[in-house]
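Here's a quick briefing to read alongside the model. Have the viewer open and follow along from topic to topic.

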Amino acid sequence: MLVKVCGMREPGNVKQVAQLGVDMMGFIFYPKSPRYASHVVARSDADRNVCRVGVFVNDSISNMLDKIHSFSLNAVQMHGSESRELCEQLRAAKGNMKIIKAISVSTAGDIQKYKEYVGAVDYFLFDTKCKTVGGSGQQFDWQVLDEYDGDVPFLLSGGIGPEDASRILSFHHPRCVGIDLNSRFEIEPGLKDVEKLKEFLLKVKR
């Protein structure tokens with residue numbers, strides 16, 4: 001199971017979380033987010049094997065390419081209402097870049113939006129539909145994911161917290177390859193509680 005910790009920002013915190021053995025870290029480049037990564041966090045030995053994911057909301061290709069370079073990103077997560085064409089433009093500009101498309105979910109019908117992006121992205125990320133853009137701490141009904149019949153692998157997101165380890169272990173979908181953790185593991189926005197993450201990972205990373 002892949003574990004992505006999103007909303008990283010502080011260099012010391014990045015190093016501590018990387019040492020827990022997470023697979024991916026998300027850096028949010030949406031200025032309205034309280035977890036906005038406003039300053040460059042250089043790679044260190046601790047996170048050299050961690051996949052760095054840049055999270056963008058309806059952004060331009062030029063800004064995404066700039067952040068890919070300055071933050072040494074390995075993947076891009078599009079978390080807004082981006083078109084398939086934008087995903088294809090990024091792939092054309094940066095062919096080695098993994099692309100994750102977030103899909104906001106409230107009902108089973110929302111799942112079907114994935115069909116617009118098949119062939120243009122490497123992963124989907126199913127998150128809770130809310131008034132904010134992610135980071136709400138709220139969960140959607142995971143049963144609606146039974147409606148996902150695509151072949152593209154996905155990450156489960158949306159309000160996963162320290163008390164959800166057993167739910168994660170009992171959740172099964174043939175295309176679910178990992179989970180995305182954020183606001184429920186924070187001391188404050190952009191600063192992760194390392195001990196909470198460590199305890200959680202010991203339960204789910206078997």
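This is a predicted model: local features need pLDDT of at least 70, side-chain atom pairs count only at pLDDT 80 or more; totals for chains, interfaces and linings use all residues.

Residues are numbered from 1 along each chain as its sequence is written, and side-chain values use heavy atoms, with hydrogens and water left out.

**Overall build**

- The protein chain has six helices and 10 strands, where helices (H or I, at least four residues) and strands (E, at least two) are DSSP runs numbered from the N terminus.
- Its radius of gyration is 16 Å, close to the 17 Å that the globule rule gives for 206 residues, so the chain is as compact as a globular protein of that length. That radius is taken over C-alpha atoms, and the rule is 2.2 Å times the number of residues to the power 0.38.
- Along its principal axes, the C-alpha trace spans about 40 × 40 × 30 Å.
- Of the 206 residues in the protein chain, 50% are buried.

**The negative patch**

- Asp141, Asp146, Glu147 and Asp149 form a negative surface patch.
- Patch members have over 30% relative accessible area and no salt bridge; like charges are joined within 9 Å, and nonpolar side chains (Val, Leu, Ile, Met, Phe, Trp, Tyr) within 5 Å.
- For the charges, Lys and Arg count as positive and Asp and Glu as negative, with His and the chain ends not counted. The place of a charge is NZ of Lys, CZ of Arg, CG of Asp or CD of Glu.
- The accessible areas come from the Shrake-Rupley method with a 1.4 Å probe, and for residues only the protein chains shown count as cover.
- Glu147 sits in the loop between β6 (123–128) and β7 (154–156), and with a relative accessible area of 41% Glu147 is partly exposed.
- Val144 is also in the loop between β6 and β7, but Val144 counts as buried at 12% relative accessibility. Val144 and Ile111 are 33 residues apart in sequence, yet their C-alpha atoms are 7.7 Å apart in space.

**Salt bridges**

- Side chains of opposite charge can pair when their charged atoms come close.
- There are 17 salt bridges in the structure, each being a side-chain nitrogen of Lys or Arg within 4 Å of a carboxyl oxygen of Asp or Glu.
- Glu88 pairs with Arg84, with the closest N and O atoms 2.8 Å apart. Both belong to helix α3 (residues 84–93), and because they are four residues apart, about one helical turn separates them. Glu88 is partly exposed at 36%, and so is Arg84 at 24%.
- Asp66 and Lys67 meet through their side chains at 3.7 Å, N to O. Here Asp66 is partly exposed at 42% relative accessibility, whereas Lys67 is buried at 13%.
- Lys113 and Glu116 form a salt bridge at 3.3 Å, N to O. Lys113 is partly exposed at 37%, and Glu116 is partly exposed at 43%.

- Asn58 has a phi near 50°, a positive value in a residue other than glycine. Asn58 is in the loop between β3 (51–56) and α2 (61–70), partly exposed at 46% relative accessibility.
- Ser72 isn't a glycine either, and its phi is positive at about 55°. Look for Ser72 in the loop between α2 and β4 (75–78), where Ser72 is partly exposed with a relative accessible area of 35%.

**Buried strand residues**

- Ile100 is in strand β5 (residues 98–105) and is buried at 1% relative accessibility. From Ile100 to Gly190, 90 residues along the chain, the C-alpha separation is 21 Å.
- Thr128 lies in strand β6 and is buried, with a relative accessible area of 6%. Thr128 and Tyr117 are 11 residues apart in sequence and 19 Å apart in space, C-alpha to C-alpha.

Methods
Buried means under 20% relative accessible area, exposed over 50%, partly exposed in between (1.4 Å probe, protein chains only).
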